[in-house]
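Please brief me on this structure. Keep it short and group the points by topic.

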Amino acid sequence: MQLEAALKQIYGFDEFRPGQKEILTDLLSGQDVLGMLPTGTGKTLIYQMAAHLLKGRALIVSPLVSLMQDQVDQFKQAGFKKTIALNSFLDHGEKQHILRQLDDFQFVFVSPEIIQSKFVQEALISVEWSLFVVDEAHCISQWGHEFRPHYLDLALMKKRLGEPLCLALTATATKQVQHDIRYYLEMKQPKVHIYSVNRPNISLFVESFSDLEQKQDKAIDLINRLKGPGIVYTNTRKAAEQLVMILQERGINDVAYYHGGMDQDERLLVQKQFLHSQLSLIVCTNAFGMGINKSDIRYVIHLHTPSTIEGYVQEIGRAGRDLAPSVAILLFHLSDLEIPFHFIEHELPDETQMDFVLYPHDSLVHGTLLERLQMAGMSETGQRFMEYHLHKADVLYETHVSSDTKTALKSLLKKKIEERKKEKYHALRMIEHWIKSPECKRSALLSYFGETLGEEIDNCCSSCRAEFSRFYGKNESNKADYVAWEDELGRLLRQEVEHQA
Amino acid sequence: MEICIPLVVDVLDKINGSRKSSGIYYILSGKKTSQSLSDSQWFGIQPYYAALKGITTEEFNVLLLRINSMDLIEEQEENVFVVTENGQSLLLDEKKRMGFMEKLDGLKYASIEQSCWRIITLYTQALSNALYGHNDYSPIVRDRNTVDKVKSLFPRSEQKRKEIAQQLFFEISFILKETDTRSASIFVRKLSGYDRIGNTFEQLAKEWSLDKTEVTLRFRSILHHCLRLSRDHSKQFPVLHSLIGSYTEVPALTKSASLTYELLTKDKTIQEIMRIRKLKSSTLEDHLVEIARAIPEFSIYPYIKKEDTDQVVCFYNKTKENKLRPIKEAFPHLSYLQIRLVLAKEGGKIATGSSA
């Protein structure tokens, strides 16, 4: 009962969502918790309330550096003003400033990479922590879809912080991944709360096309008919921009694209316009869809398939957070797989890039391995991968490494890379299989995560012959009527504007 | 026709074959080199400095080729373009349309415009929401310096907020009434506040059927005008001045040059400054030129005689010579630094005088 009262007092809600109260209760009684809750069911609320009720400080490890600031904003908006993010976007001065004042903060978000720094570690150790939260905990597993090597060191960090309570959260973890989370985080007899990844209010549709033009026409037709707000995912920035252009040519105006290549200020405007329902559709790449936290999204269309089932589940999970009926539609063409294939092949460092770091050219011979790594022109993931392994081998900050070590390192790296590639190809084959299979889409998704579908669901999926049409509806026309600037400025600043007759 | 076409033609017209296209690229893209800074002033194209911010060399070269193929310019020698008769008549035709750029001053404001705009727009958003009693809005600027600044300036009492809103409305309206409707609307549409998030340049371009560069330039022209008025008439624009005065009041110097200037104001000699700051003489000379350009109170006469200055100015007026070397040849007893100081100090005046 007390928990409900606190919920009401802090958020004004009457009821918890499934899992929230159970996990909170265990945390408050001093138990570590591994929680798997479907996307959009309010994981944040759990650690906000836990830290609040424990009257303590929480360290939150999150891999989504580009989203951290969004999260900080959301915390502040929810009234938790003493929130800060520590990540690579800060310059040295800002970092120092924050670290000196750590005592003043209640919630500190960190990236797994930044806590490798001794300087940051020392500062973190100097204050007391009640809660150690690992968000997106599936990143700790090689079998997870977003493996982040630095997550493997979190257990050590947890020890150095004096073993605060540990809460590991994820939305998508197979049995194998759940095991890895408990093992690598060295959780002490954690309470495990696994909730189904099933989101019964989201109908699942998959449609395959042999003709690209037909697929595009279908997408446009759907966008015209479906009730928004909606998100369309594409697998490249260019595809996102092109689709928006086509839609605008056809008179759909309250739409914008959103991706990492945009000017930062402009990108933020688009994001806020969507949150504020000035736009009814946003077209984005998977990397940048995550900042969008909006509860009334009615549809998610995939113009191309994601490269893993976990990724797909996360992306469609942005729909229907208000629990109202919503729809996820994946439009598939065989050529969708080309981009992920290319990505898997080129994401991790190749031989030339490895040699660039390990066997430097004359002019680079004086730099440290880290400096050379930053110049090797690798993808972000590739860089993180190399950085982790070089750090492990204690050579990251060296300028010179013995040739034996180099040979050993190189063969280790190559082996690791081959393993990663294999896992990724496997994941891609899994989603391709899921797309092509005639089985019930929902049952098949659940069985991938080791669950079975208990209940029958209305409008389940395309295999169960659900209908699109119930998701059709008119979008309220955007109030784009011309307003004279004097009136608009007057409205913004709440002034009476005199009109000449 | 996209605005960048008459804009580039105008720049080429004013430079009149004295610079290669790479030098012009540096000016228009807003590269901070002592050459591009002094060129902007020398040729009277300060407004256009950084006008095409973000453009790549390739894009710029493609643009030049396009303008060339329209017979508006021709290649006089390799990479040197001059305006054709067609180009001249285009400039006449487009004169009215380009009028809004009179308020643009890239040279002065390109380095501070983003910081200033962020403060203005976040402050307006916060104020607007507060006026409607709406406290949990989502801020459209995240940059910590901006957020801290707006927080520190934000009026605490409701009464004060109302007063400030009225005054800010007056200040912005006053500035916008002096301009054309399109530019004014674009500026207001960029603002965010209660129940509305500002538009992106791309959205405004679509709405007004203009190209994105023109929308950006119209917006920046007004922003620059705000910066100018709030500095020059701080009493009439107290709210804007309180928001951005700390940016507009310090001269737009590079960090290093402003340190040099600080030492100069403490009566240190050039030699002493070079020693204290461990600078090469060429770097220090660049600083002096930068300071001469940016700070009206800075006198160049400790470094060159008044008569020599007058003679250089006179030589310029006769020959319209824009290159350093011929001037140096005409005045062998002067150093390059001395000539550059005259150009930096007098460049704007000369150029304005000659175009009038």
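Which residue is the bridge partner of Ala85(A) in β4(A)? It is Phe109(A). This is a predicted model, in which local features need pLDDT of at least 70 and side-chain atom pairs count only at pLDDT 80 or more, while totals for chains, interfaces and linings use all residues. Residues are numbered from 1 along each chain as its sequence is written, chains are lettered from A and ligands numbered from 1 in the order in which they are written, and side-chain values use heavy atoms, with hydrogens and water left out.

**The seven-strand sheet**

- In chain A, 7 strands make an open, parallel sheet in the order β3-β4-β2-β5-β6-β1-β7. Strands are DSSP runs (E, at least two residues), helices are runs of H or I (at least four), and both are numbered from the N terminus. Two strands pair if DSSP finds at least two bridges between them.
- β3 (83–86) and β7 (191–194) of chain A are the edge strands, each with a single partner, so one side of each has no neighbour in the sheet.
- On average, neighbouring strands here are turned by 15° against each other, direction ignored. Axes are lines fitted to C-alpha atoms, for helices over the stretch in contact, and angles run from 0 to 180 degrees between N-to-C directions.
- β3(A) pairs with β4 (residues 107–110) of chain A over 4 bridges, in the parallel sense.

**The six-strand sheet**

- Another open sheet of chain A has 6 strands with parallel pairing, in the order β8-β13-β12-β9-β11-β10.
- Its edges are β8 (202–209) and β10 (255–258) of chain A; each has a single partner strand, so one side of each lacks a neighbour in the sheet.
- β8(A) is joined to β13 (residues 326–333) of chain A by 8 bridges. Glu207(A) stands opposite Leu331(A) in β13(A).
- Helix α17 (residues 403–436) of chain A packs on this sheet and touches β8 and β13 of chain A. Its direction makes about 105° with that of β13(A). Contact means heavy atoms within 4.5 Å.

**Where chains A and B meet**

- The contact takes 44 residues from chain B and 38 residues from chain A.
- Together the chains bury about 3700 Å², 55% of it on carbon and sulfur atoms. Buried area is the accessible area (1.4 Å probe) that two parts lose on being put together, summed over both.
- Arg142(B), Arg144(B) and Phe169(B) supply 21% of the area that chain B buries against chain A, more than any other three residues.
- The interface holds 4 salt bridges (a side-chain nitrogen of Lys or Arg within 4 Å of a carboxyl oxygen of Asp or Glu). Asp73(A) and Arg142(B) form a salt bridge, at 3.3 Å, N to O.
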